[in-house]
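Let's take a walk through this one together, from the whole chain down to single residues. Have the viewer open as you read.

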Amino acid sequence: MKKLGFKKETTVGRYLDPFNNFQEKQVSFEVRYDDITGVSSRILLYRSRMSLKPEVDSYLEKSPESLCPFCPGLFEKLTPKFTPDIISEGRFQRGQSYLFPNAFPYDQNHSVAIFSPRHFVPMNELTPGFMQNGFKVCGDYFHRMAQMNLGYKYCSINWNYMPPAGGGVIHPHLQTVVGLKPTNYVQRLLESAQKYAGNANGNLWRNLIVLEKEAQERFITSTGSISWLTSFAPKSMGGEIDFIFQEKSSFFELTEANIAELLSGLSRIFSYLHLNNFISFNISLYAPMINDNNFWVQGKIVPRFVVNPLGTSDINYFEKLHNEIICPVVPEELCRELQPYFNS
Ligand SMILES: [Zn+2]
């Protein structure tokens, strides 16, 4: 089986340490490159932790229920509706979950889904039961878009949970994108998978899972149809957790049980993040809408944070302008820390 394009080298920085009589101090870090994703990360081997859970009260004060477009008071008045050719009721509904067009779209088909009327839901209360209808209503929308036969090929379910992750509204909500073309990053994954298969190596994702499982470094667990792993070269300062659906080459191959399995795994990861003082994350699930044998439905979770006391962003010039991520979370350690959450 062909090895994956994971490259790393260790580099050492040196300085005279003011906290130790200006004796020379050496600090090691790894420069990693993942040829599948094209992501470069610098893994700082001196791990720092979030010592205190950031206060969420100030977010709640600035964003009360009375001003929230997704709370029952303003929901009917302020949220957009679909044209009747898409759905006659104007919005998709599953129980207390609704899906409707994004008022600030950046794609032709860009929608928002709320889980429930609850304005603020702490991370440890994002249970599979709470999330279920929100994800299902996204599925209903994808089915409708496919049924309309307009040639859409790619869809994604995305989540900015809380402001440090780009969430503009406290009220938990998902965003979906349905398009003719993949986004830039998904295009990269597709190209890597096509190139790998084209060189007679087989399915990239199958081999990735086999090799990562054998290596026992970043493979968290398999929960049945989903493999959970930490990324070799994370896309975020807080690390990155990946999930890959075995042999599922289109969104429409996912069953209710598969979605339930995903939500169970996500809630375990949220428990870990909550106990480690994170209050924010991004999630994306990427899926073809037409079977693509080279691609398996998959997604990523990245914890997000701000550094107090200034509320400093976790994205700086290095990520923004050099396209490399500084990551003080060692992926192999993150994997070991997450494993117990999947065993209980
Ligand atoms: Zn609200």
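Helices and strands here are DSSP runs numbered from the N terminus, with helices (H or I) needing at least four residues and strands (E) at least two. What you're looking at is a predicted model, where local features need pLDDT of at least 70 and side-chain atom pairs count only at pLDDT 80 or more, while totals for chains, interfaces and linings use all residues. Residues are numbered from 1 along each chain as its sequence is written.

First, the overall picture. The protein chain has 8 helices and 16 strands, and its C-alpha trace spans about 70 × 55 × 40 Å along the principal axes. For 344 residues, a compact globule would have a radius of gyration near 20 Å, and the 21 Å of the protein chain agrees with that; the radius is taken over C-alpha atoms, and the globule rule is 2.2 Å times the number of residues to the power 0.38. Call a residue buried if 20 or more other C-beta atoms lie within 10 Å of its own, exposed if 12 or fewer, and partly exposed in between, with C-beta atoms placed from the backbone. On that count, 36% of the 344 residues are buried.

Now for the sheet. Two strands pair if DSSP finds at least two bridges between them. 10 strands form an open sheet in the order S4-S5-S6-S8-S7-S12-S13-S11-S10-S9, with antiparallel pairing. Strand S4 (92-94) and strand S9 (219-222) stand at the edges with a single partner strand each, so one side of each has no neighbour in the sheet. On average, neighbouring strands are turned by 15° against each other, direction ignored. Helix H3 (residues 128-147) packs on this sheet, touching S4, S5, S6, S7 and S8, and its direction makes about 140° with that of S4. Axes are lines fitted to C-alpha atoms, for helices over the stretch in contact, and angles run from 0 to 180 degrees between N-to-C directions.

Pro101 is a handy stop in strand S5 (residues 97-101). Leaving out residues up to four places away in sequence, Pro101 touches Pro80, Phe82 and Ser111, a contact being two C-beta atoms, placed from the backbone, within 7 Å.

Over at the other end, S9 and S10 form a hairpin with 3 residues between them, and Gly224 in the turn has a positive phi of about 125°. S9 and S10 run antiparallel, joined by 3 bridges, and Phe219 has Leu229 as its bridge partner in S10. On to the next pair: 5 bridges join S10 (residues 226-230) to S11 (residues 241-245), where Leu229 stands opposite Asp242 and Thr230 opposite Ile241. Since 5 of the 5 residues of S10 are buried, S10 is largely enclosed by the rest of the structure. Ile226, Trp228 and Thr230 point one way from S10, and Ser227 and Leu229 the other way. In a regular strand the side chains alternate between the two faces of the sheet.

Last stop, helix H4 (residues 184-198). Its buried residues are Leu189, Ser192, Ala193 and Tyr196. Seen down the axis of H4, these fall within an arc of 95°, so they line one face of the helix; the arc is that of the directions from the helix axis to the C-beta atoms. The buried residues of H4 pack against helix H5 (204-215), while the face turned away carries exposed Asn184, Gln187 and Gly198.
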